[in-house]
There are 2 protein chains.
Amino acid sequence: MAARYAVGVDIGGTKIYAGIINVETGEVLGTARKRTHPERGEGFFSERLISVIDTALTETKIPGSGAPEAIGVGIAGQVDRVSGLLLAAPNLAEGMRNFPVSQLLSERFRLPIVLGNDVEVATYGEQQFGSGRGYDDFVCVFVGTGIGGAIVQNGTIRKGATGTAGEIGHTVVQYGGRICGCGGRGHLEAYASRTAITRVLLAELSRGRESKLRDLIGKDDAAIRSGVIARCFKDGDELVTETLTEAADFLGAGLGSLATFYNPRRIILGGGLIEAVEPFMVRAEHRAREVALPVPGRALEIVRAALGDNSGIVGAAWMAANRPTGEAV
Amino acid sequence: MAARYAVGVDIGGTKIYAGIINVETGEVLGTARKRTHPERGEGFFSERLISVIDTALTETKIPGSGAPEAIGVGIAGQVDRVSGLLLAAPNLAEGMRNFPVSQLLSERFRLPIVLGNDVEVATYGEQQFGSGRGYDDFVCVFVGTGIGGAIVQNGTIRKGATGTAGEIGHTVVQYGGRICGCGGRGHLEAYASRTAITRVLLAELSRGRESKLRDLIGKDDAAIRSGVIARCFKDGDELVTETLTEAADFLGAGLGSLATFYNPRRIILGGGLIEAVEPFMVRAEHRAREVALPVPGRALEIVRAALGDNSGIVGAAWMAANRPTGEAV
């Protein structure tokens, strides 16, 4: 039987990332990526999305006479799978609402389009080809701009009563504490996401705190990305070390609570910050075991997302190849 | 077909409570209860346990020629169901370890004995005959001396990787906060259990704070029970109102986080404090909806345990009648 291929696309607030994937093995044959630039609006977003997929397709040689059978798209926003609409995604393009992603892509590429949430597709990737393989009871937590999560129960992603299960980033770790991007208070995301860390770093810089960060970012606040943070940490910068340690401790508190309440066999950690800064995950894992009750804490496995940055594109491609277009979920 | 009956026993740190139950309807035919007095040790505990069951059996008239077919026991401690041992229960009798509950009761009553955890049997009670009836996806939370919980998934209680799932009382609501009875910090139980509330009240009294509580309890600290707290609250006592409100807000934060992460259809609230103080639950429910993300928060049903104080004895009897003795769980 000939191998099967699909395009996987991972759309986040920072970048649009596409790849051509062998959906039976999870192999990534070729990729393309570009910055999202949310401030440039909907028109820019449409062109950029098509151009990234185009580049990935053009620059990837598929063995034999293989061709992608579908395009799977994971989006950091709220999607309607049946109508193929991106309902709302303020992090992707300013003012964008009810944007017809499926129509745009199917007209251009003449392939079936399947939409999903970014956390959902990354979870599919890890489940099928990564750290979730062989496990039917685990939780994925992705730490980046925000903190997202998904619960896998008996081999399928838990939807819950309103289809929103897994939102660990918006659970309370400090009642009455920091204001979260969602408007809530004391949420994990307000302490342990890259956004939270960046906010602390900028605040400390603005009040005159010394840090190598100052030279590295110059006057460009947006230059504080995972790579820059990782570099400062490696150089032993006090401000960055202190800030990352605090964030990792809060992440650990959230993961430890999860282990105590839900008692999963395994937690899979992914996302930009986890990828870029090794000691961040080590510290969070250590803290999680300290915070959890001893019995579930000792048994808990915390592992890195095996596909790293590719969880999303691999999972999106797998989803597209294994689910009828437009299926209600 | 003749009706079926079983004895249900609920053993907690405050009281030992037994009932004769129709295990097909959940009807409670008769009950008996006595204080546990943990400080009096193992011998006292054995005699008391037998005497409570004896009283319930003697004083209950079972219709027709009916007789109980088994005894189910829910215990606030760690049990080994196969060997019928109570492994450890510092809250029931000082120094008690590996206590042969099943042997003691089967020798005396000549009936099959089935052991379970107190939270587990109360959850069975609510699931079969109470607020969980007709739901296969809910979470029970019991607020008393401690805070326990159980997750019901697809109609069965989730065990998790180490059989300890559901321990919401030991999840973090205030990272680095109050020391919990388990040694951890910032746990929900350290803010919202009756033990936590009592600790705050005694501390405030000791530093001279005015309260009606002072007259009601005299010099007996142990007299601070749910009933006394309820009475002071009803009378508008400032200290008690303030302390209960704070505790309810923390409970709401824990329940709201649960709704955000796990997104259950329904949360069932039970336990002494929930039974005794109506506004405590109302406040916690309100806070939970405020704390949860809007979509899961709006859909969440928070309801009182329909069987009230009887959840445990009804569930224990049901368990005994519906599970082979000594089954490993």
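The radius of gyration is taken over C-alpha atoms, and the globule rule is 2.2 Å times the number of residues to the power 0.38. This is a predicted model, in which local features need pLDDT of at least 70, side-chain atom pairs count only at pLDDT 80 or more, and totals for chains, interfaces and linings use all residues. Residues are numbered from 1 along each chain as its sequence is written, chains are lettered from A in the order in which they are written, and side-chain values use heavy atoms, without hydrogens and water.

**Select chain A**

For 329 residues the rule puts a compact globule near 20 Å, and chain A agrees because its radius of gyration is 20 Å. Along the principal axes, its C-alpha atoms fill a box of roughly 55 × 50 × 35 Å.

Colour by secondary structure: chain A has 12 helices and 13 strands. These are DSSP runs numbered from the N terminus, helices (H or I) having at least four residues and strands (E) at least two.

Of the 329 residues in chain A, 57% are buried. Buried means under 20% relative accessible area, exposed over 50%, and partly exposed in between, with a 1.4 Å probe and protein chains only.

Now show contacts, that is, heavy atoms within 4.5 Å. Among those in chain A between residues at least 6 apart in sequence, 62% join residues at least 24 apart.

His37(A) sits in the loop between strand E3 (28-35) and helix H1 (41-58) of chain A. Its phi is positive, about 50°, although His37(A) is not a glycine. His37(A) is partly exposed, with a relative accessible area of 23%.

Move to the loop between strand E10 (147-153) and strand E11 (156-157) of chain A, where Asn154(A) is found. Asn154(A), also a residue other than glycine, has a positive phi near 50°. Asn154(A) counts as exposed, at 56% relative accessibility.

**Show both chains**

Chain A superposes on chain B by a rotation of 180° with 0.0 Å of shift along its axis, at RMSD 0.1 Å. That is the relation of a two-fold axis. The same surface serves both copies, as 100% of the contact residues of chain A recur in chain B. The superposition is by least squares on the C-alpha atoms of residues with pLDDT of at least 70 in both copies.

**Select Glu42(B)**

Glu42(B) lies in helix H1 (residues 41-58) of chain B. At 36% relative accessibility, Glu42(B) is partly exposed. Leaving aside neighbours within four places in sequence, Glu42(B) contacts Ala93(B), Met96(B), Arg97(B) and Phe99(B).
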